[in-house]
Amino acid sequence: MLNGQITHSYVGNTCSVVIPHPHAKEKPKPTPSPDTTDSVEEEVAVAAGAAVHVNLDRIRNVDIFIGDNDLYFYANVKLYKFHSRRTFDLRGLKTVLIKFDTTENCYQLYLRCLPPVAIVGSGNAAGNCSGGVVPKPKTARKEYIAAFLNLPKLADTLQDKEPLVHEWKLKRITEQCQLQLDGEETSFKLTSHFGYGFASQYKGALQTSELDKSTCRVPEPQQMSPLQRRLERIIDEMKRFSREQYKMNFVELQVPAGHQNPLRYKPKIYETSMTQEQAHLLHNLCSRIPSTADDTATATTTSTQSQSGQQPDRQVQNEIDCGLISIVLAICYDVRTTNNEPTCESGWTRSILCPLFCYFEQFDNYRDVLVAFLRRVITYPLYRNFELGRQCVRDAIEVLKGGRNWLINQLLLTHQQFASGEPCRDSFNTYYLEDYIRYMSNAKVCSDEHLRLLARNVKNVLMDVSKRHLDLGVIEIETELIKELMQEMRIDAGSGSESPSQQQSHQGDDEADLDNDTSGQEDETTTDDDSVITDSFDSMDLRLIENDVYAVDEEDEGDVDDGEEEQSEVDDDDDDSNSSTTTTSDAEGNSVIEQCTSNSEAAASGSISGSVSASTSTK
């Protein structure tokens, strides 16, 4: 697509728009010489009429989109954009009549506009303004400062700045338009026969077997203008964009365990090697001319020019360069995220990030290429980060500066991935990659100086591309995320920080609880090793004395039950363990601690039995 110039004028509430035909220079008006006879003049007139009928298909090949203040007019191979200062009246828009002047080779159409709104306090009505346009009030001080500093005037700056257009809001009105030639009563409907592929050289229908339906979003590119393909892509990206996924990768990339952070990878574009299979593929592609059908004669012409070293015209060259940059950007993303180790998803990544493959889209400027790539980076792949996308653009700049061999190798690798992958994407090889491989391999057509010029242009455009151009609400999402993080930090800080008075009150409450709670003391005696050993020895001495007294009373009575026999056995064990413990050397501290722990447990059971026996003897 190549943006053209539109002339317009306002008459009342009607806007008249004049659009030149893109092939106007190719059809000069016939100028017969004075020596020619009447028969020759008739032949020229007949030839001119035949030429008009031959070019009627080009004239009718138009696609039109309109918005509140914007008109997009795609004529055969050119895109014309018009931004109106007045709002179009779309409520009663049913039929639009387009007149084509064959002598001037231009389109002319009339669009109704809403009445202008007068500025409050300006003192002038809207109807008194020239052309029905309300002028913006100027400030004398600003104009004086601009003239003193040799700066451009404010009005000139506002006119040069291109407004941000929400293209997804545009409405297609091609079906409602009719075409008339030179004011004749006969009207024609607009047609749709557009080119696609490398340099838009293919115009036939795609075969179903060649189409990758899971990846390609445009099954019939010849029936859709490049403008319509672009709008389809923008709408699909808005549907697939996830706010939550972007938030997750905004602060820090969600890198799986065992993988390197893509932002820390350093590509080695000067270290490359070509396999034998890739060398054979390169030889086969460069040695043969692609076979084309009868209705795609342009493809043969472009391929012949590429192989013979002839430079294509400016429009075709611009489209080829923009397509090359789009492919390089997708390759650089895959290389950076996989550390130059292709995976089974590499084919999908390289195809989904390049609008040429998915939508057969055509570009005519570098900014649209970068914006489309950055939009898809934060929409489809694993790592959806804006800064990562910008880093991939910097990698592409380095590749264009001096990585021709590396790029040819990557194009061949992409060709193999598309041909052998599942699902098969061999149609992308046919319509794009094979031609681009031949284009890059021919140093006469694509020289190193030309690639370095592309690198400088892309670098300059990257400085002007911001998140605002993505038109996905990224800035609002980041602002919302930062507010949420700040709120969480305030909550955490409020719960973690306490005043000194609150801390002292908590300490006083804890000390009071410790004084009143006896269970806590018992717990403390069981956790300290030294206290356990001391208490166990004291309890064992007391239990030995009590057990001797109770044993004398029980022998006199001669009544011994089963519980007392068990207690005597436990006491014997306690005596043995006590004697063994006292005779143990200090070096065996660990065994003493373990033995004393078992003694304390046995002593506890013995004390219970002793209390039972004491109660029995008392009775």
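Strands, like helices, are taken here as DSSP runs numbered from the N terminus, a strand being a run of E with at least two residues. In the predicted model, strand β2, which covers residues 7–11, pairs with strand β3, which covers residues 14–20, in the antiparallel sense and over five bridges. These two strands, β2 and β3, form a hairpin with two residues between them, and in the turn Gly12 adopts a positive phi of about 65 degrees. Within the pairing, Ser9 is found opposite Ser16 of β3.

The chain as a whole contains 22 helices and eleven strands. Of its 619 residues, 41% are buried, and among contacts in the chain with a separation of 6 or more, 72% are accounted for by residues 24 or more positions apart.

Two of the helices, α9 (residues 314–337) and α13 (residues 386–402), pack with their axes 8 Å apart and at an angle of about 115 degrees. Because angles of 65 to 115 degrees count as roughly perpendicular, α9 is described as roughly perpendicular to α13. The crossing in which α9 passes α13 is right-handed. On the side of α9, the contact is made by Ile325, Val328, Leu329, Cys332, Tyr333, Arg336 and Thr337, while α13 contributes Leu388, Gln391, Cys392, Val393, Asp395, Ala396, Val399 and Leu400. By residue class, the contact of α9 with α13 comprises eleven nonpolar, two polar and two charged residues.

Notes. Residues are numbered from 1 along each chain as its sequence is written. This is a predicted model: local features need pLDDT of at least 70, side-chain atom pairs count only at pLDDT 80 or more; totals for chains, interfaces and linings use all residues. Side-chain values use heavy atoms; hydrogens and water are left out. Two strands pair if DSSP finds at least two bridges between them. Helices (H or I, at least four residues) and strands (E, at least two) are DSSP runs, numbered from the N terminus. Axes are lines fitted to C-alpha atoms, for helices over the stretch in contact, and angles run from 0 to 180 degrees between N-to-C directions. Angles under 35 degrees count as roughly parallel, over 145 as roughly antiparallel, 65 to 115 as roughly perpendicular and the rest as oblique. A crossing is left-handed if the near helix is turned anticlockwise from the far one by less than a right angle, and right-handed if clockwise. Contact means heavy atoms within 4.5 Å. Ala, Val, Leu, Ile, Met, Phe, Trp, Tyr, Cys and Pro count as nonpolar, Asp, Glu, Lys and Arg as charged, and the others, Gly among them, as polar. Buried means under 20% relative accessible area, exposed over 50%, partly exposed in between (1.4 Å probe, protein chains only).
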